[in-house]
Protein chains: 2
Amino acid sequence: MGADVELTIDRVRTAADRLAGVAHRTPVVTSRALDELAGATVFLKAENLQRIGAFKFRGAYNKIASLPQSLRERGVLAWSSGNHAQAVALAARLHGISATIVMPHDSPAIKVSATLGYGAEIVKYDRFSESREEIGSALARDKGYTVVPPYDDWDVMAGQGTVALELIEDAGPLDVILAPVGGGGLIAGCGVAARALLPDITIVGAEPAAGDDTARSLASGERVRIPVPRTIADGQGATEPGELTFAVNRRQIDDIVLVDDAAIVAAMTLLFERLKLVVEPSGASAVAALLTRPELFAGKRVGVIISGGNIGAAQFANLIAG
Amino acid sequence: MGADVELTIDRVRTAADRLAGVAHRTPVVTSRALDELAGATVFLKAENLQRIGAFKFRGAYNKIASLPQSLRERGVLAWSSGNHAQAVALAARLHGISATIVMPHDSPAIKVSATLGYGAEIVKYDRFSESREEIGSALARDKGYTVVPPYDDWDVMAGQGTVALELIEDAGPLDVILAPVGGGGLIAGCGVAARALLPDITIVGAEPAAGDDTARSLASGERVRIPVPRTIADGQGATEPGELTFAVNRRQIDDIVLVDDAAIVAAMTLLFERLKLVVEPSGASAVAALLTRPELFAGKRVGVIISGGNIGAAQFANLIAG
């Protein structure tokens, strides 16, 4: 059944060494109010305070750092209109190499300018008539760029796994780790790291109810493709799990909690009002899961990953206004 | 000219000893994006992450801790519908004594419930026909409660001054300290602490343009009373400086920058989008001042105090929507 898993705690530790002094060591935040609401002892890993505002920086940087120098110096390419674009752009700049990002023609100006701000070149495509994979792959082939995938890559996953290393170092032993699931890279890396440190830990994913490809895939034992989900959690819009991430996650995820958009907005509001933290919809999905299914976590020590905070104030205002 | 100043660095250090392990040591946050916008090297002291969500906890706790035990055990009283109410309620609970808070009948439910949540008793009054000072003073006299003033008290000011102690310890030498001004307690305490550590430091206050009582008072050399200001910065609604705070501030404030509501909303938006921090209007006024008058700060190392983060998500959404 699928790929050999090449993701180990050693690979995550190598990523941690590369990221030391480069990525922020984000704080682990606690809140009496949240503990009371959840009926659990909750440790929030605030990756919304990571560089570029999301955990994605870790995987992109580790991937680029792991390339042979001869390949790396030719530059990298990614296709993304989200946090992965900024992650690859910044990671490339820190390595002193070029980054090319393939983005839809109609990407929000704020995302385009943020990516340009990190020194990347942007190639636009028409998402109604063109395929970003084809455009990106052809460009990478012609120019000798290495493609940095958003999740389906062992070094990307190993980078994301450093989130769990830090969380467990700072919070101490945990009974459960609860992480958002999009393509599955964050929970794959974090699950491998957490299980290595704490063999009895339970690994729970949070997925949008409208985008439950991983939940369905785990239930059926093979990767299931779903239509493009309609959810505010735009970082969790994957339509099927990655081949490599699923090879990891099918063995280690104990449960998936599905959350609807209203629960995500409630979690964002709680994080805003009680913790003074700005969290994007996908980033709040694990907190939404905690509050949607408290019986799964009652009385336990739960590490919850807040994966990102990239949301405009106006967009936040619209979500709150409903 | 007025009161003898009894606020010294030693008194601030005593407050710091009392607050150690009780108040949060809030982080000092930096941002390349903000530095570029301001043309300065900026260190933000994030008191929005303080207990009860604002610096006010420091002064209230220090005041209660400084009372003789025979007085303290009879309980304390304050009048406030804002952060000071929650600060006194929590500080009293931590001392195991009773707190009575005098609040308007029409206070927002969220503030009432937050204050009740800290175990305080609430006495309501009709703000159109009754005086909270009269009701509060009479109640304190009858019951033997000590009144905890929001700013015009040496121990309250000394508590607020610990913000600057920590900021300078963490950021290193500063050229300027820039703090919101309401009643003047925060900048009084911080100014005394900062000048003691860094004799050449410049002390700048940020005041709402509509509520410029301290700016006017400094210009005229005596306390000036203004009408109740119309501004979104509800934590800076004082109509005249305190007697004691003005005795300090007239000697030490070098400049006041006036900020309008639009500049405050812009600063709140910047803090939300770039730093992922939730900041209330008054809390963002010093950042607004930095961006309103950048020529005052160009090339300097500036410590900026973010004084609080208590704003509901819906209220934030309304402000952003304009």
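B:Phe272 is buried, because its relative accessibility is 0%; buried means under 20% relative accessible area, exposed over 50%, and partly exposed in between, with a 1.4 Å probe and protein chains only. B:Phe316 is buried too, at a relative accessible area of 2%. This is a predicted model, in which local features need pLDDT of at least 70 and side-chain atom pairs count only at pLDDT 80 or more, while totals for chains, interfaces and linings use all residues. Residues are numbered from 1 along each chain as its sequence is written, chains are lettered from A and ligands numbered from 1 in the order in which they are written, and side-chain values use heavy atoms, with hydrogens and water left out.

Aromatic pairs come next. Rings of Phe, Tyr and Trp (its six-membered ring) pair if their centres lie within 6.5 Å; planes under 30 degrees apart count as stacked, over 60 as edge-to-face and the rest as tilted. The count over all chains is 8 aromatic pairs. One of them is tilted: B:Phe57 and B:Tyr61 have ring centres 5.6 Å apart and planes at 45 degrees. Both residues lie in helix 3 (residues 56-66) of chain B, 4 residues apart, about one turn of the helix; helices are DSSP runs of H or I with at least four residues, numbered from the N terminus. B:Phe57 and B:Tyr61 are both buried.

The rings of B:Phe272 and B:Phe316 are stacked, because their centres are 5.0 Å apart and their planes stand at 15 degrees. This pair links distant parts of the chain, 44 residues apart: B:Phe272 is in helix 12 (residues 261-275) of chain B and B:Phe316 in helix 14 (residues 313-321) of chain B. Ring pairs join A:Phe272, A:Phe316, B:Phe272 and B:Phe316 into a cluster.

Between the chains, 22 residues of chain A are in contact with 21 residues of chain B, contact being heavy atoms within 4.5 Å. Chain A and chain B bury about 1,700 Å² between them, 64% of it on carbon and sulfur atoms; this is the accessible area (1.4 Å probe) lost on being put together, summed over both. A:Phe272, A:Lys276 and A:Ala313 supply 39% of the area that chain A buries against chain B, more than any other three residues. Helix 12 (261-275) and helix 14 (313-321) of chain A each supply at least two residues of the side that touches chain B. The largest share of that side, 5 residues, comes from helix 14 of chain A.

Technical notes:
Buried area is the accessible area (1.4 Å probe) that two parts lose on being put together, summed over both.
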